Amino acid sequence: SIAEQMGEVLKRTAISTNVKERLDFSCAVLDSKGFLVANAPHIPVHLGALGSAVRSIIATMQLEPGDMIVTNHPGYGGSHLPDITLIQPIFDQEKECIGFLANRAHHAEIGGLRAGSMPPNARCLAEEGVVIKPTYLFRKGQSHIENIRRMLAAALDPTRHIEETIVVLVAQAAANFKGEALIKELIKARGSNEVKWIMQRICKQATHCFAAKLQSMNGFANSAKHKLDDGHEIHLNLEISNSRLRLDFTGTSSVHSGNLNANPGIVRSVILYGIRLWIEKPIPLNDGLLDLVDLVIPDSFLNPHFPDNPFECPAVVGGNTETSQMVFETFAKATGILAGSQGTMNNFIFGNEKYSFYETIGGGSGAGDGFHGSDAIHSHMTNTAITDPEILESKYPVRLLKSSIRKHSGGKGKYRGGHGIHREIMFLEAMQINIISHQRMIGPIGINGGENGCPGEQYILRPTKVGEEKHKRIQLNHIDQFDALEGDILVIKTPGGGGFGSDKSI
């Protein structure tokens with residue numbers, strides 16, 4: 001309830017389309033050691049990583065009552081630079097830290113090479129936007145937000161819309177303050193010892209539930225790999241022994257030269273979410289699910305090194321969105337819980353000096369034993385909405401020409417994969433377009449005889465001269481950027497999910 005109320009404050013207070021309309025944010029309560037206890041039903045890729053961020057702060061900074069930390073750095077448990085995290089310790093009457101509040105929100109603009117701060121061509125972290133190492137937003141109750149404003153303006157590629165970024169940060173701070181007030185009410189009513197005990201009990205309940213699952217599967221082992229559209233691979237060896245789960249990503253490709261690098265916090269998010277599905281019981285998502293997990297992540301594009309100099313750090317903007325989805329698909333293959341889902345967030349960004357807009361687009365989810373996949377839905381590591389057409393067209397110089405289910409894109413089988421989305425947007429003035437997507441080479445896999453879903457695609461339709469064909473078609477790659485002209489139409493067709501079972505009659 002506390003996490004949900006934090007989210008309501010953030011949604012109502014922020015002016016950003018990303019927050020108010022798409023709901024691209026997450027709020028959580030953590031224990032005094034920085035482990036996730038409770039969360040609102042927000043974004044899975046955020047929630048599992050918030051603990052990594054809080055624990056990095058505990059290890060590197062001194063925290064006192066009235067402090068609040070801001071960061072977006074992937075080396076400190078961040079995901080990608082547009083996702084800015086605010087962390088606040090909670091102290092009882094004896095000034096003992098009993099837990100933490102954290103929220104993470106996607107900002108439409110944080111600087112970088114391209115409008116919208118998700119540049120497809122970035123090759124290092126500094127090119128993706130303003131990098132905020134853990135910094136005090138409040139220190140002993142005093143605001144340091146002007147320091148953040150200066151950081152946003154002084155970077156090599158500064159934030160294009162500083163005031164909107166600041167307003168969203170203030171909304172995030174308000175969400176944490178709301179959580180602080182509610183937890184202090186709880187402490188006053190029940191005492192800090194009982195509040196701490198409740199936190200521990202919630203996590204132990206999750207651990208016990210997963211222990212029962214592992215005991216029923218002792219000796220199970222499997223391996224899986226997933227190939228990205230550019231040939232990089234994720235390898236996973238899964239083994240259950242002595243009622244513990246070992247997940248070993250040895251064999252995964254080395255650090256990515258582009259922007260698909262993730263970090264251990266993102267991988268933990270995926271595994272936390274995946275285990276929650278695997279158990280198939282209505283338990284809260286929290287770090288207790290990982291107490292019986294041995295996670296091995298060697299140096300790779302899932303665990304690159306982040307030096308102090310952002311120009312020496314790998315680019316990461318697609319690691320949070322695309323790589324997280326593909327790590328889940330690898331986990332799903334290894335466990336056999338369901339067929340492949342769209343395996344991408346279909347990131348679509350456009351902007352110029354006046355506008356910055358970002359959306360993720362749904363697709364088909366995978367079928368499983370006893371159920372069809374869902375059509376036109378955000379799946380797995382994302383859980384956002386999509387901007388309403390009226391809001392999109394009133395705030396930005398675009399026209400939404402089509403947004404429909406992509407018929408016949410789900411894989412056939414005894415249980416059919418979900419269908420993707422067909423979306424067309426016309427630009428009413430020149431815009432920078434950025435696309436970061438996957439499953440454009442091979443569609444999401446079917447299992448147990450089910451067929452693969454259709455791969456996605458995207459292209460530009462450019463008006464031609466009178467007397468020629470109506471439009472010239474310009475194909476776009478899975479990760480691409482394009483400078484659109486007035487009248488250009490972007491067509492995005494997202495992947496369908498894989499089918500389950502060999503019955504082709506459905």
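Author: Cys-209 is buried, its relative accessible area being 15% (buried means under 20%, exposed over 50%, partly exposed in between, with a 1.4 Å probe and protein chains only). This is a predicted model, in which local features need pLDDT of at least 70 and side-chain atom pairs count only at pLDDT 80 or more, while totals for chains, interfaces and linings use all residues. Residues are numbered from 1 along each chain as its sequence is written, and side-chain values use heavy atoms, with hydrogens and water left out.

Reader: How many disulfides does a search of the whole structure find?

Author: A disulfide is a covalent bond between the sulfur atoms of two cysteines; the test is a pair of sulfur atoms within 2.5 Å. Across the whole structure the search finds zero disulfides. For Cys-203, the nearest cysteine sulfur is that of Cys-209, 13 Å away. Cys-203 counts as buried, at 11% relative accessibility. Seen from Cys-209, the nearest cysteine sulfur is that of Cys-203, again at 13 Å.

Reader: How many aromatic pairs are there?

Author: A pair of aromatic rings is described by the distance of the centres and the angle of the planes. Rings of Phe, Tyr and Trp (its six-membered ring) pair if their centres lie within 6.5 Å; planes under 30 degrees apart count as stacked, over 60 as edge-to-face and the rest as tilted. The count here is eleven aromatic pairs. One of them is Trp-278 with Phe-331, edge-to-face, at 5.9 Å centre to centre and 90° between the planes.

Reader: Which parts does the pair of Trp-278 and Phe-331 tie together?

Author: Helices (H or I, at least four residues) and strands (E, at least two) are DSSP runs, numbered from the N terminus. Trp-278 is in helix H7 (residues 264-279) and Phe-331 in helix H8 (residues 317-335), so this pair ties together parts 53 residues apart in sequence. Trp-278 is buried at 4% relative accessibility, and Phe-331 is buried at 0%.

Reader: What about Phe-350 and Phe-427: how far apart are the centres of their rings?

Author: Their centres are 5.7 Å apart and the planes stand at 80°, so the pair is edge-to-face. Phe-350 belongs to strand E12 (residues 347-351) and Phe-427 to strand E15 (residues 420-427), so parts 77 residues apart in sequence are tied together. Relative accessibility is 0% for Phe-350, which counts as buried, and 0% for Phe-427, which is buried as well.

Reader: In what order do the five strands of the open sheet come?

Author: Two strands pair if DSSP finds at least two bridges between them. The order is E14-E15-E20-E17-E18, with antiparallel pairing. E14 and strand E18 (471-476) are the edge strands, each pairing on one side only. Eight bridges join E14 to E15, and Leu-400 stands opposite Ile-425 in E15.

Reader: Where does His-408 lie?

Author: His-408 is in the loop between strand E14 (398-406) and E15. Its phi is near 65°, a positive value in a residue other than glycine. His-408 counts as exposed, at 70% relative accessibility. Leu-23 also has a positive phi, near 60°; Leu-23 is in the loop between helix H2 (17-20) and strand E1 (25-31) and is partly exposed at 31%.
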